[in-house]
Amino acid sequence: MGQWRGPGVWRRGLVVAAIAALLGLLMLLHTHLPNRVGNLGSLTETFLPWLGLGIPVLLVLAVLRRSATALIALLLPAIAWVNLFGGLLTDKSGKGGNFTVATHNVNAENPDPARTARDVAASGADVVALEELKASAVPTYEKALASSYKYHSVQGTVGIWSKYPLQLVQPVDIRMGWTRALRATVKTPQGPVAVYVAHMPSVRVKFNAGFTAGQRDNSAEALGEAIAKEPEKKVLLLGDLNGTMNDRSLAPITSQLRSAQGAAGDGFGFSWPASFPMARIDQIMVRGMEPVSAWTLPKTDSDHLPVAARMKI
């Protein structure tokens, strides 16, 4: 205990204290990180929750160094992390609701499409959205889902299956040159709901180029414009956005809609990669409806986890 007394406790561990301060500032000021160089800001925001792992590591170092300065400095990243993500640690799911949806990037190379379709349908969702549909596998998905969903439409590589009638189904141009988004009106017993299904372009982390997300960002802007023009009051977006709710580049979308997971989920709801989920890039977002619960579904033969949510219309 004597080593925790005297002026040495303030002089030791200054490097640890400096790292802790930098970590806290990074979390507090992440929106100011520039995207001009390798989309550094978006890359950091994609994995922002994981910066919290640095806190216990620095805590151990501070204790080993018996540094009061480092311990005090650690308050900054700890408070910043709790402020950003503390609300996600609690289970906000409730009971009730009258409209359940699910979305899944099924992976074009899925070895067993029929089983994957049955697994997603087992969620009991009223509407199912599927992304990355390989043309040759579409008949398999249609056959596997036919008994549960009377209505469906496939546009390009995305599809929607519904227990309720579909109207005004049309592709949405997200500036890719081929169809990876659609819009449909679902005629629920509680009234019409505009449902968008989208698969944003993939992003890559490259040593010589950083976080290459330019095409995805352009598509996000186009999808945001389409949603902004949507005349229906109740709007639902399902799909693989290849980005998290923290990613500023998805602001054209996220500024208009509410995350079902953030509002009514249990935990972070990470969905990718399925083998060790590190980020939630598969989203269910709403407007004009109240999310009641949100969750991830069991692993399928895809590299993504399916996600589901229940709303009250």
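Hi everyone, the crossing of H2 and H6 is left-handed. Please keep in mind that what you see here is a predicted model.

Let me stay with that pair for a moment. Helix H2 covers residues 14-28 and helix H6 covers residues 75-85; their axes lie 7 Å apart and the packing angle is about 25°. Angles under 35 degrees count as roughly parallel, so H2 is roughly parallel to H6.

Who meets whom? On the H2 side we have Ala20, Ala21, Leu23, Gly24, Leu25, Met27 and Leu28, and they meet Leu76, Pro77, Ala80, Trp81 and Leu84 in H6. Sorted by class, this contact of H2 with H6 has 11 nonpolar residues, one polar and no charged.

Now to the second pair, H7 and H8. Helix H7 runs over residues 113-121 and helix H8 over residues 138-145, and they pack at an angle of about 40° with axes 8 Å apart. H7 and H8 are therefore oblique to each other. Which hand does the crossing have, left or right? Here H7 passes H8 in a right-handed crossing. From H7, the contact takes Pro113, Ala114, Ala117 and Ala121, and from H8 it takes Thr140, Tyr141, Ala144 and Leu145.

On to the pocket, where H6 comes back into the story. The largest pocket has a volume of about 350 Å³. It is lined by 17 residues, and the closest to its centre are Phe85, Leu88, Met245, Asn246 and Gly262. Which elements give two or more residues to the lining? Those are H6 and helix H11, residues 260-264. By class, the lining of the largest pocket divides into nine nonpolar, seven polar and one charged.

Finally, two backbone details, with some background. Most residues other than glycine have a negative phi, and most peptide bonds are trans. With that in mind, have a look at Arg66: it is not a glycine, yet its phi is positive, about 50°. You will find Arg66 in the loop between helix H4, residues 54-64, and helix H5, residues 68-73.

The other one is a cis peptide bond joining Trp272 and Pro273, with omega about -15°.

Terms used
Residues are numbered from 1 along each chain as its sequence is written. This is a predicted model: local features need pLDDT of at least 70, side-chain atom pairs count only at pLDDT 80 or more; totals for chains, interfaces and linings use all residues. Side-chain values use heavy atoms; hydrogens and water are left out. Axes are lines fitted to C-alpha atoms, for helices over the stretch in contact, and angles run from 0 to 180 degrees between N-to-C directions. Helices (H or I, at least four residues) and strands (E, at least two) are DSSP runs, numbered from the N terminus. Angles under 35 degrees count as roughly parallel, over 145 as roughly antiparallel, 65 to 115 as roughly perpendicular and the rest as oblique. A crossing is left-handed if the near helix is turned anticlockwise from the far one by less than a right angle, and right-handed if clockwise. Contact means heavy atoms within 4.5 Å. Ala, Val, Leu, Ile, Met, Phe, Trp, Tyr, Cys and Pro count as nonpolar, Asp, Glu, Lys and Arg as charged, and the others, Gly among them, as polar. On a 1 Å grid over the protein atoms alone, a cavity is a set of points where a 1.4 Å probe fits but cannot get out, and a pocket is an open set with protein on both sides within 12 Å along at least five of seven lines; lining residues have an atom within 4 Å of a point. Grid points are joined across faces, edges and corners, and a volume is the space filled by probe spheres set on the points.
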